Amino acid sequence: MLKWLALWVLFWSILDYILMGVDKWKAKRDRWRVPEKTFFLVAVLGGSLGAILGMYAFHHKTRHWYFKWGLPAILIAQIALGGWLYWHFFLS
């Protein structure tokens, strides 16, 4: 089960990382952009780490407070939930 969860998180993280890079590329070329809610939706689905890594790797969305603080808050909440679930279901 943990293997599937890791694959789930990896998939969404890679997707959010790629979305950050694509959106940065499009921003430089004044093209259609990825909606900001898409980044957060993918982050909530498990891609928060990829969004954070992409944000800093591409220097994209780093000035927006809701990205700078919101994405790490989602990651912390996911880690806390994962720890609680692991403790509750695997260690009890």
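**The packing of H2 and H4**

Reply: Happy to. Helix H2 (residues 36-57) packs against helix H4 (residues 70-90) at an angle of about 120 degrees, and their axes are 9 Å apart. That makes H2 oblique to H4 (angles under 35 degrees count as roughly parallel, over 145 as roughly antiparallel, 65 to 115 as roughly perpendicular and the rest as oblique). Axes here are lines fitted to C-alpha atoms, for helices over the stretch in contact, with angles from 0 to 180 degrees between N-to-C directions. The crossing of H2 and H4 is left-handed (the near helix is turned anticlockwise from the far one by less than a right angle; clockwise would be right-handed).

From H2, the residues Phe40, Ala43, Val44, Gly46, Ser48, Leu49, Ala51, Ile52 and Met55 meet Gly70, Leu71, Pro72, Ile74, Leu75 and Gln78 of H4, where contact means heavy atoms within 4.5 Å. By class, this contact of H2 with H4 has 11 nonpolar, four polar and no charged residues (Ala, Val, Leu, Ile, Met, Phe, Trp, Tyr, Cys and Pro count as nonpolar, Asp, Glu, Lys and Arg as charged, and the others, Gly among them, as polar).

A word on the source: this is a predicted model, in which local features need pLDDT of at least 70 and side-chain atom pairs count only at pLDDT 80 or more, while totals for chains, interfaces and linings use all residues. Residues are numbered from 1 along each chain as its sequence is written, and side-chain values use heavy atoms, with hydrogens and water left out.

H2 has another partner: the axes of H1 and H2 come within 6 Å and cross at roughly 60 degrees. H1 and H2 are therefore oblique to each other, and their crossing is right-handed. The contact of H1 with H2 divides into 16 nonpolar, six polar and two charged residues.

The largest pocket has a volume of about 540 Å³. Of the 19 residues lining this pocket, Leu5, Val9, Gln78, Leu81 and Gly82 are the closest to its centre. Helix H1 (2-28), H2 and H4 are the elements that give two or more residues to the lining, and H4 gives the most, with nine residues. The lining of the largest pocket has 15 nonpolar, four polar and no charged residues.

Stepping back, the secondary structure of the protein comes to four helices and zero strands (DSSP runs numbered from the N terminus, with helices H or I of at least four residues and strands E of at least two).

Note on methods. On a 1 Å grid over the protein atoms alone, a cavity is a set of points where a 1.4 Å probe fits but cannot get out, and a pocket is an open set with protein on both sides within 12 Å along at least five of seven lines; lining residues have an atom within 4 Å of a point. Grid points are joined across faces, edges and corners, and a volume is the space filled by probe spheres set on the points.
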